[in-house]
There are 2 protein chains.
Amino acid sequence: VQTPAISPMNVPELIGRVRQGDVRALARAVSLVEDDAPQARQILSACFPYTGSAIRIGITGAPGAGKSTLVDALARRYRAQQLTVGVVAVDPTSPFSGGAMLGDRIRMRDHHDDPGFYMRSMATRGSLGGLARTSADVAVVIEASAKQRLLLETVGVGQDEIDIVRLADVTIVVLVPGMGDDIQTLKAGIMEIADIFVINKNDRDGADRLENEIRSMQALATEHGTWIPPVVRTIATTGAGIEELEQEVDKFWSWLALEGRLTARREAHWRARVLDMVRQELLSTMRDRGLDDRQLAEIGRQVVLKQQDPYRLVPRLVEQLLQGERHGKD
Amino acid sequence: VQTPAISPMNVPELIGRVRQGDVRALARAVSLVEDDAPQARQILSACFPYTGSAIRIGITGAPGAGKSTLVDALARRYRAQQLTVGVVAVDPTSPFSGGAMLGDRIRMRDHHDDPGFYMRSMATRGSLGGLARTSADVAVVIEASAKQRLLLETVGVGQDEIDIVRLADVTIVVLVPGMGDDIQTLKAGIMEIADIFVINKNDRDGADRLENEIRSMQALATEHGTWIPPVVRTIATTGAGIEELEQEVDKFWSWLALEGRLTARREAHWRARVLDMVRQELLSTMRDRGLDDRQLAEIGRQVVLKQQDPYRLVPRLVEQLLQGERHGKD
């Protein structure tokens, strides 16, 4: 038996408290969504109407680029202007450890008594693509708690991370000088998703060279429309450049508001999200129809023994599942 | 009209040539699978019986760790022993650019006239999880062309990459000295998947310290059974340490062969693969039933306008799709 506060019946009450800025209620709602609890869908549905007006800012970059410090500095700046801030920090580089969490607690401490600030961090959990989905859902709940700026922080190295950043209206790619030639590949990869570049740790050697590299890559990239991503130089630890970064976010936001660009971005986001949700829902239905762990284990065993050819088995299996049959052990 | 050589009718002939070591036929079969051509499933089904006897070696590590050079050195060593070698190199850090391909062509040149060696490299393409799936399928085709060693090379930073490495029987994690504290997170993340650690660029400062760090992390990790991953020091560019690496792979392979460990690993791999294949098959069926791009675009539009709550819409939509109805525009 669960406590009344999180029973399905009381989701409207929980969300009522979330909307009034009750931090404990928010933490609870986020956990239920993150854990994919039975109430998760009802919570998300209740939060959904209160989303859409926050500016969603994605911040990505290689490990060690100083993203956390930059996010903190930007959050503090928004808070100083009385803007409410939510942060979703995702660290998929720690798939098995909870390493991110410790730093998280340290970061939270600074905002301990500030009801206008909320942060949740996540490491990879569960299956492929799960993290992008979960962070999108968590962002919905946090935004519904009357947050005006939503900062989505992740490590920009794989497809997963890029999918996370796709939640954002504005994407900031953080680079640091002197990370060597190996970083070039990474830079090329995330070049196309950047709306704003930040050169953090700008006091290090090589900042000019890095800016030149970005500029020369920009000369090659032509598909970005009329927006040429600016390069902002920061030292997040001292706050240098953060004001300029904030201004560039505002400038981009103004550009995005024109000609239906923001709408187009958000539509693209929801297209992908809905497809992913459909995929999840289908799998969960199939699980109910017998495609459970036991069944999969048996199939795995047969495939390794070469008793089954998976490429022939799967279409047959799916056909049976769609007909609502429980697939037997044969 | 396609050329006769790749028409569906001629898949048995194509695979016959693949098995006889015809490199052009192999390249063709791999491309058809990579492009998810209509013949892809038939090709995979025809190749499947000829898989299972190669040793699959996954090599992962941060960008710049020298994985490519290491893979080349290991491949050359195997070739010197008349062992046939296939390489699947995956670089998900370049999701939008084809940067990996250039280096690939340079690497291929060395083995140009060697029918016992085949390499294919891939960058991220398409949707979430697609790369892990495609590389698994490509590995099946390459292995069926009578390859005794299959090297799977990827950048070990996200969930995607870890899923790619899960194809392997043996997982080698490559680290380099002096990459700074930021790499710690990454090391913690891939700690648990390593069967063998390689410290490459061993002539750099900090190799001893790095080995000590690995050893002290190993002292904490207890879940690895009776196998304690060895640390092999290499300088891939000179070939130093490659012989020892090869020996450690053999040792691990012998350990894996005992007590059903290899079978258990491969069963786990196929469990996950079959589930993923089912997911794909379901989605493709749903597409045939009307959940196409046009439909998804319309849903995206309605969600952004708040005319639809996605969390309520999706269960309804899936129910309709499962009943075989075409979902209308309402």
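**Conventions.** The model is predicted, so I took local features only at pLDDT of at least 70 and side-chain atom pairs only at pLDDT 80 or more, while totals for chains, interfaces and linings use all residues. Residues are numbered from 1 along each chain as its sequence is written, chains are lettered from A in the order in which they are written, and side-chain values use heavy atoms, with hydrogens and water left out.

**Chain A overall.** I looked up the secondary structure of chain A and found 13 helices and seven strands. Helices (H or I, at least four residues) and strands (E, at least two) are DSSP runs, numbered from the N terminus. Of the 330 residues in chain A, 58% are buried. Buried means under 20% relative accessible area, exposed means over 50%, and partly exposed lies in between, with a 1.4 Å probe and protein chains only. I also checked contacts (heavy atoms within 4.5 Å). In chain A, 76% of the contacts with a separation of 6 or more are between residues 24 or more positions apart.

**Helix α11(A).** I compared the span of this helix with its expected value, which is 1.5 Å times one less than the number of residues. Helix α11 of chain A covers residues 261-288, 28 residues in number, and reaches 41 Å from first C-alpha to last, close to the expected 40 Å. Just after α11(A), Gly290(A) has a positive phi of about 120°.

**Cysteines.** I searched for disulfides (a pair of cysteine sulfur atoms within 2.5 Å). The structure holds zero of them over all chains. Cys47(A) has 0% relative accessibility and therefore counts as buried. Cys47(B) is buried as well, its relative accessible area being 0%.

**Aromatic pairs.** I applied the ring rule to Phe, Tyr and Trp (its six-membered ring): centres within 6.5 Å make a pair, with planes under 30 degrees apart stacked, over 60 edge-to-face and the rest tilted. The count over all chains is ten aromatic pairs. For Trp227(A) and Trp255(A), the ring centres are 5.7 Å apart and the planes stand at 40°, so I logged this pair as tilted. Trp227(A) is in the loop between α9 (207-220) and β7 (231-233) of chain A and Trp255(A) is in helix α10 (residues 242-257) of chain A, so the pair ties together parts 28 residues apart in sequence. Trp227(A) and Trp255(A) are both buried.

In chain B, Trp227(B) and Trp255(B) make a tilted pair, 5.7 Å centre to centre with 45° between the planes. Trp227(B) sits in the loop between α9 (207-220) and β7 (231-233) of chain B, and Trp255(B) in helix α10 (residues 242-257) of chain B, 28 residues apart. I noted a relative accessibility of 11% for Trp227(B), which counts as buried, and of 18% for Trp255(B), also buried.

I also found one aromatic cluster formed by Phe48(A), Trp270(A) and Tyr311(B).

**Charges over rings.** The test needs NZ of Lys or CZ of Arg within 6 Å of the ring centre and within 35 degrees of the ring normal. Arg19(B) lies over the face of Tyr50(B), 3.5 Å from the ring centre. Lys306(B) lies over the face of Phe48(A), 5.5 Å from the ring centre.

**Strands of chain B.** I took two strands as paired if DSSP finds at least two bridges between them. Strand β1 (residues 55-61) of chain B has seven of its seven residues buried. Seven bridges join β1(B) in parallel to β4 (residues 149-155) of chain B, where Gly58(B) has Leu152(B) as bridge partner. With β5 (residues 170-175) of chain B, β1(B) pairs in the parallel sense over five bridges. Ile59(B) stands opposite Ile172(B) there, and Gly61(B) stands opposite Val174(B).

Six of the six residues of β5(B) are buried, so the rest of the structure largely encloses this strand. β5(B) also pairs in the parallel sense with β6 (residues 196-199) of chain B over four bridges, and Leu175(B) has Ile199(B) as its bridge partner in β6(B).

**Positive phi.** Most residues other than glycine have a negative phi. Lys201(B) has a positive phi near 55° and is found in the loop between β6 and α9 of chain B. Lys306(B) has a positive phi of about 65° and is placed in the loop between α12 (293-304) and α13 (310-322) of chain B. Lys201(B) is partly exposed at 22% relative accessible area, and Lys306(B) is partly exposed at 35% relative accessibility.
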